[in-house]
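Biologist: Can you walk me through this model? I'd like to start with charged pairs, then move to helix packing.

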Amino acid sequence: MESPNNKVHLEKAQNFMRQYRDPESRELKKLSANQFMDVWSHYDRDGNGYIEGSELDGFLKEFVSSANATDISPESLTDEMLVELKSCFMEAYDDNQDGKIDIRELAQLLPMEENFLLLFRFDNPLESSVEFMKIWREYDSDNSGYIEADELKNFLRDLLKEAKKINDVSEDKLIEYTDTMLRVFDANKDGRLQLSEMAK
């Protein structure tokens, strides 16, 4: 006979999104940077930077069925329902209309800590890209086009401060954001951020 702990573990394995919903209201909880990346990594199985094809089908099925308090299998969505759901979903969130979801589009969908969400907004959170470039150049002082990982934390602090005029981002959060930014944008995994990587 299965222990209750096993049952909980199995339920989470069946529907990855359910753990991020409030058990009472079924609303999605606000995700931290690390939780957001866990969701992204879980569904972007081939690591190509997009949730597409069967990955997108899996995400949509689990996203919808996780709203149910009972353990309804994702398979309970019929193919017809999935096609209609995908059409509505992509119309709402596929901003560049390429038929797949990239990380910034997912950031519009999932509720996240506000400071972290600023880093992914399509409408630049700064008053203009000029502000972004001004801060970038302060850290890329040799004009190499790179910001080293150890400078990235301070770069993000200044970027967030400029975007929201805030000073209350904790060191722990900045470290988490820095790690996440490298996971998202450091395409060649060299431990530094390249301007061309940020602009992808």
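Modeller: Lys86 and Asp57 form a salt bridge, with the closest N and O atoms 2.7 Å apart. A salt bridge here is a side-chain nitrogen of Lys or Arg within 4 Å of a carboxyl oxygen of Asp or Glu. This is a predicted model: local features need pLDDT of at least 70, side-chain atom pairs count only at pLDDT 80 or more, and totals for chains, interfaces and linings use all residues. Residues are numbered from 1 along each chain as its sequence is written, and side-chain values use heavy atoms, with hydrogens and water left out.

Biologist: Where do Lys86 and Asp57 sit in the chain?

Modeller: Lys86 is in helix α4 (residues 79-93) and Asp57 in helix α3 (residues 54-65). They are 29 residues apart, so the pair links distant parts of the chain. Helices are DSSP runs (H or I, at least four residues), numbered from the N terminus.

Biologist: Is Lys86 buried or partly exposed?

Modeller: Lys86 is partly exposed, at 26% relative accessibility. The cut-offs: buried is under 20% relative accessible area, exposed is over 50%, partly exposed is in between (1.4 Å probe, protein chains only).

Biologist: How many salt bridges does the structure hold?

Modeller: It holds 8. One of them joins Glu176 and Lys173, at 3.3 Å, N to O. Both residues are in helix α9, 3 residues apart, so about one helical turn separates them.

Biologist: Which residues are linked in a network with that pair?

Modeller: Glu113, Lys173 and Glu176 are linked in a network of salt bridges. Glu176 is buried at 13%. Lys173 is partly exposed at 23%.

Biologist: And what does Asp190 pair with?

Modeller: Arg192, with the closest N and O atoms 3.0 Å apart. Asp190 is partly exposed at 32%, and Arg192 is partly exposed at 24%.

Biologist: Switching to packing. How do α2 and α9 cross?

Modeller: The axes of α2 (residues 33-43) and α9 (residues 171-185) come within 9 Å and cross at roughly 25°. That makes α2 roughly parallel to α9; angles under 35 degrees count as roughly parallel. Axes are lines fitted to C-alpha atoms over the stretch in contact, with angles running from 0 to 180 degrees between N-to-C directions.

Biologist: Which residues make the contact?

Modeller: From α2, Ala33, Asn34, Met37, Asp38 and Ser41. From α9, Glu176, Tyr177, Asp179, Thr180, Arg183 and Val184. Contact means heavy atoms within 4.5 Å.

Conventions
Helix = DSSP H or I, 4+ residues; strand = E, 2+ residues; numbered from the N terminus. Parallel < 35°, antiparallel > 145°, perpendicular 65-115°, else oblique.
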